[in-house]
Each structure stands twice: as C-alpha cells, then as structure tokens.
Amino acid sequence: MPDLLNVDRALATILATIQPLASELIPLENALGRTLAEAVTSNVNLPPFPNSSMDGFAVQSADTLNASADKGVALRLVADIPAGTASAVVLRQGEAARIMTGAPLPDGADAVIPVESTDAKWTPGSDTALPPSVTIHRSLKGGDYVRKAGEDIRSGETLVKAGTKLRAAELGILAAIGQAAVKVYRQPHVAIISTGDELIEVSTELTPGKIRDSNSYTIAALVTEHGGIPIKIPTARDTLEDVRQRFREALDQQPDLIISSAGVSVGAFDVVRTIIDEMGHVDFWKINLRPGKPLAYGQVGGVPFFGLPGNPVSAMVTFDVFVRPTLLKLAHQKDDAKHIEAATSEDIDSDGRRSYIRVNLKREQNQWVARTTGTQSSGALSSMMLADGLLIIPEDVTFLPAGSISPIRLLRPLEEIG
Ligand code: AMP
Ligand code: MG
C-alpha cells in the first residue's frame, strides 16, 4: 500500500523531534522506580570499620590454636563492646573482649569467637555483667567472623551507573553512603484530552447516542505504567471553542507531551486540525498499521502532540507503537517491550498493513501457540483485556497459514500466561 506511511519511518520521524528531559534533585525516599541521571560514587568505605559478624568475643586467633570442643582455653576479658560503641582497648595475648554483631573490632584482635563456642551465657538484650574470663572451645583463623572495612563498598568506587532504574537494593546502597538526595531524570508530564460530542464521564448514566470516555483511562494508565505522570484534561466537545479551550488548559499544565484521542479519522479531524494549526502544527498521517491507521503528530505551543485514533483498541495499539517509545526517550529509558515467538493455531487473513492481532497464548509441546481472541474490531476493548499479546503480521503479508511462527508483543508477563 504505497500511499500509507511505514510504521518504522513514522516512529523515526517522531523520535527525531523528541528531546530527552532534564534531571532534577529529589529526596531519596521518593526515588523508587526513577532513573538515575548521574553515576553515584561512594566517598566512604562500607563497612566503615572492621566489625564482628557475630555476638561473641574478639580474640587473637593465635590464642585459640589449642582450643577444641573438649579442651577449653581461658582468656581474660578486658572490654565490653556493644553495637554502636567503639573501644580504645588494645587486645594483648591471652585477652578477649566481649563484642556484639556490628561492633568495631578492637585493635590487636583478628578474629571473633561466636558465643555458642564458649562457656559464656548471656541473654541478648539484657545487661549481663562482664565476667572476668571466658573459656573458648574452638580454634579460629585470622579473619574468622570479622567483616573487613570496605568489603561491601570501597570509597571511590562507582556504585550505581547513570541510567539505572532505582530499585530497593539501589535505594539501600544510596542510603548507606549518605546520599539523602539523588539526581534523577524528570518524569514526563502528559496532558490527556478526549474529544467527541458522544463522550460522557464514567459516573454519568448512559443516554441515547452517548458512550463513556474510556480512552482517557487507558491512556492515563499506560502513561503511568511507563513512568509518566498523566494529567487528565476535561473532555472536549467537537467545537472550535471547546477544543481550543481544552488545549489551552493542557498547555497551562506545562506538559512535556499532549495526547488527544479521536477526531483524526477522515471526516472527523477538521476541528482538531483547525485548532492545532492555530496553536502549532500537525501532520495527519495514514499509517500502514492495523488497527490505528489514522495518526496525527506535531506540536502545540512547542509541546510534542499525538492525536491518537478514537477507537479504544486503535488508541492502545498506537500508544504502544508510537507513544511508548516517545515516553521512554523523554525519560532516558531503554525499550522494555517483551517479545516471544509463537506458532499460529489457525489461518489468519491480513490486508497488507502491519497488523497487531490480539491473541491468547498457550504452551503446547515445547512451543507457544497463539490463538486469536475472537473479534478483532478496533472498538472491542474486551479483546484487548483478554489478549495475552499482539501477534505482529508484517507489511505486505495477506495470509498467514496455521503453524506460522510469528513474533508476539507480550501484554502480560510470561509467568502469568498459560
Ligand atoms: P473518531 O475518531 O472521533 O471518529 O472516533 C472513532 C470511534 O472511537 C468512535 O466510535 C468514537 O465513539 C470512539 N471514541 C472516541 N473517543 C473515545 C473515548 N474517549 N472513549 C471511548 N471511545 C471513544
Ligand atoms: Mg469523534
């Protein structure tokens, strides 16, 4: 279909206009899931000092050489080192210091004997007076039950690379090295406008000719799923004044991206086109894509703008194909789309456009088998809900015989499918 714009060419044209967002400094407690904008280097060793990995007694390992289960060796107790304290004591031959997990090893000691391998008794958490000596029943090597300074993290080491998506473990590391604020990339703020005289709010009773606006919910959810912040603008009626007003409200929110739905198909787009020509510029494309042939892309008041088709499935598929990569580029994130290969369970006709067919997946004899979810109407949201993935039929293919191996864009994690 030579008059239709190739999907990849359209996406490349869009992405060429997208500038990744700047960074911002935020408190560490808000940083989960955010993308680090600059590498973090530690300026401390962790642990900062050698410390005990057990509750027990710091000793010189040489003093323990003759100790065993039936032969005790008595050592004189010269210090008590609870967690959170440091001792100035220097341990000499024949001496030991009672020490708690995490407490700094005193100078002169090179190992810790766990309390279980001694005759000492103390109740954790209680103040047990320090006895004059302890008898140990085990021999140790230097370094036993000692965590060395810097064994976890070394000062000067680059710990977390720029571009890392922060998870619990990274937040823990950043906390441990004293990074109370982190530089992350800004999240894209996305204004969402539904257009159409037929649309009513979710809480409103249906009346003849009306349908509820579902696109603003699917689009907002997809924006959130991909790390953006959705800003819902009230629905625009199909009048110049209303559409102009809604786009102005969108711009007032200083968004990084504006997405409208509906009003881009043949015969419908005049209102949206008129307003965007007035406030910016837009191209109305016919994409070689099914569902989702009509797509508008341009800018409004300097902000990138997508006009997605109104049909709910077309809106979701064009979001996945065009808006998702745009959001990822804005947020400096890598492509997270997961694909597998599956064999088709039935013959599938196509019309020569690149087609995204809603399918269910099943594991059969060591391969994934894809079965269409019934109606492929671009208005049937239920088919999107039921689908495990989108089977991609390339351009210029009009017939896919049963058993063909095809790429599938997963819509759920593989572990949840079966
Ligand atoms: P249009 O692009 O305006 O011709 O709309 C195409 C189809 O999508 C029509 O059936 C509309 O009723 C439907 N539609 C448009 N906007 C929405 C929306 N926000 N939620 C659900 N359906 C919509
Ligand atoms: Mg409409």
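I began with the surroundings of ligand 1 and counted 15 residues around it. The closest are Glu198, Asp213, Ser214, Gly310 and Asn311. I keep in mind that this is a predicted model.

Next I sorted that shell by class. Eight of its residues are polar, four are nonpolar and three are charged.

Then I looked up polar contacts, with a cut-off of 3.5 Å between N or O atoms. I noted one to a side chain: an N or O atom of Ser194 lies 3.4 Å from a nitrogen atom of ligand 1. I also noted contacts to the backbone. A polar backbone atom of Gly263 is 3.2 Å from an oxygen atom of ligand 1. For Gly310, a backbone N or O atom is 3.1 Å from an oxygen atom of the ligand. On its own, ligand 1 has 490 Å² of accessible area, and the protein covers 77% of that.

Which pocket does ligand 1 sit in? I find ligand 1 in the second largest pocket.

I turned to the largest pocket. Its volume is about 670 Å³. I read off 24 lining residues, and those closest to the pocket centre are Leu222, Glu225, Leu410, Leu411 and Arg412. The elements that give two or more residues to this lining are α3 (215-225), α6 (312-330), α7 (381-386) and β27 (405-410).

Which element gives the largest share of that lining? I have α3 down for five residues, the largest share.

Last, I classed the lining of the largest pocket. I logged 15 nonpolar residues, seven charged and two polar.

Terms used: Residues are numbered from 1 along each chain as its sequence is written. Chains are lettered from A and ligands numbered from 1 in the order in which they are written. This is a predicted model: local features need pLDDT of at least 70, side-chain atom pairs count only at pLDDT 80 or more; totals for chains, interfaces and linings use all residues. Side-chain values use heavy atoms; hydrogens and water are left out. A residue is near a molecule or strand if one of its heavy atoms lies within 4 Å of it. A polar contact is a pair of N or O atoms within 3.5 Å; within protein, one must be able to donate a hydrogen and the other to accept it, and residues adjacent in sequence count only if both atoms are side-chain atoms. Accessible areas come from the Shrake-Rupley method with a 1.4 Å probe; for residues, only the protein chains shown count as cover. On a 1 Å grid over the protein atoms alone, a cavity is a set of points where a 1.4 Å probe fits but cannot get out, and a pocket is an open set with protein on both sides within 12 Å along at least five of seven lines; lining residues have an atom within 4 Å of a point. A molecule sits in a cavity or pocket if more than half of its atoms lie within 2 Å of its grid points. Ala, Val, Leu, Ile, Met, Phe, Trp, Tyr, Cys and Pro count as nonpolar, Asp, Glu, Lys and Arg as charged, and the others, Gly among them, as polar. Grid points are joined across faces, edges and corners, and a volume is the space filled by probe spheres set on the points. Helices (H or I, at least four residues) and strands (E, at least two) are DSSP runs, numbered from the N terminus.
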